[in-house]
Number of protein chains: 2
Amino acid sequence: MCEANAYIRSGQQEELILENVDRIIPVGDGLLLEDIFGHRKHIKARIQELSLVDHKIYLEKLED
Amino acid sequence: MCEANAYIRSGQQEELILENVDRIIPVGDGLLLEDIFGHRKHIKARIQELSLVDHKIYLEKLED
């Protein structure tokens with residue numbers, strides 16, 4: 001399976017926010033992440049980098 | 001390997017623009033796509049949907 005893990009990156013820190021992400025859809029001012037089990041998470045962030053072979057999605061949090 | 005194919009979607013049409021994409025990085029007003037061989041393509045587009053288990057990246061072209 002080719003799901004990836006989503007991390008919020010700020011500076012040198014990486015915070016894992018959702019594992020096994022299958023789908024990402026930009027919605028409004030954020031992103032809708034859906035994992036392979038159908039669990040969804042909405043987060044105010046934008047994509048900073050995708051590294052699919054490494055199964056990593058890096059996001060940058062947007063301020064309120 | 002978990003690379004994906006990138007498509008420009010407009011209406012019902014899907015146009016394949018790069019296969020075996022490993023990395024996507026937003027740059028300026030577009031996206032930098034890099035395939036597993038290190039070939040890069042810059043495109044004025046934004047991400048419309050990622051479907052990683054299906055190995056598909058859907059992009060929406062931005063007008064000049």
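**Exercise 1.** Find the residue whose side chain makes a polar contact with the side chain of Glu49(A).

*Solution.* Start at the side chain of Glu49(A) and you'll reach the side chain of Arg23(B), 2.9 Å away in a polar contact. A polar contact here is a pair of N or O atoms within 3.5 Å; within protein, one must be able to donate a hydrogen and the other to accept it, and residues adjacent in sequence count only if both atoms are side-chain atoms.

A word on the ground rules: this is a predicted model, where local features need pLDDT of at least 70 and side-chain atom pairs count only at pLDDT 80 or more, while totals for chains, interfaces and linings use all residues. Residues are numbered from 1 along each chain as its sequence is written, chains are lettered from A and ligands numbered from 1 in the order in which they are written, and side-chain values use heavy atoms, with hydrogens and water left out.

Strands (E, at least two residues) and helices (H or I, at least four) are DSSP runs, numbered from the N terminus. Glu49(A) counts as buried because its relative accessibility is 13%. The scale runs like this: buried is under 20% relative accessible area, exposed is over 50%, and partly exposed is in between (1.4 Å probe, protein chains only).

Last, list the neighbours. Not counting residues up to four places away in sequence, Glu49(A) touches Arg9(A), Lys56(A), Ile57(A), Tyr58(A), Arg23(B), Ile24(B) and Ile25(B). Contact means heavy atoms within 4.5 Å.

**Exercise 2.** Now do the other chain: which side chain is joined to that of Glu49(B) by a polar contact of 3.2 Å?

*Solution.* Go to strand β5 (residues 45-51) of chain B, where Glu49(B) lies. Its side chain is joined to that of Arg9(B). Glu49(B) is buried, because its relative accessibility is 14%. Among its contacts, leaving aside neighbours within four places in sequence, are Arg23(A), Ile24(A) and Ile25(A) from chain A, and Lys56(B) from chain B.

**Exercise 3.** Which residues are closest to the centre of the largest pocket?

*Solution.* First, the terms. On a 1 Å grid over the protein atoms alone, a cavity is a set of points where a 1.4 Å probe fits but cannot get out, and a pocket is an open set with protein on both sides within 12 Å along at least five of seven lines; lining residues have an atom within 4 Å of a point. Grid points are joined across faces, edges and corners, and a volume is the space filled by probe spheres set on the points.

The largest pocket holds about 410 Å³ of space. Of its 19 lining residues, Pro26(A), Arg46(A), Ile47(A), Arg46(B) and Ile47(B) are closest to the centre. The lining divides into ten nonpolar, four polar and five charged residues. (Ala, Val, Leu, Ile, Met, Phe, Trp, Tyr, Cys and Pro count as nonpolar, Asp, Glu, Lys and Arg as charged, and the others, Gly among them, as polar.)

Zoom in on Ile47(B), in strand β5 of chain B. Ile47(B) is buried, with a relative accessible area of 10%. Its contacts beyond four places in sequence include Pro26(A), Ile47(A) and Leu50(A).

**Exercise 4.** Which residues line the largest cavity?

*Solution.* The whole structure has one cavity of 30 Å³ or more, and the largest has a volume of about 30 Å³. Its lining is Arg23(A), Ile25(A), Leu32(A), Glu34(A) and Arg40(A). That makes two nonpolar, no polar and three charged residues.
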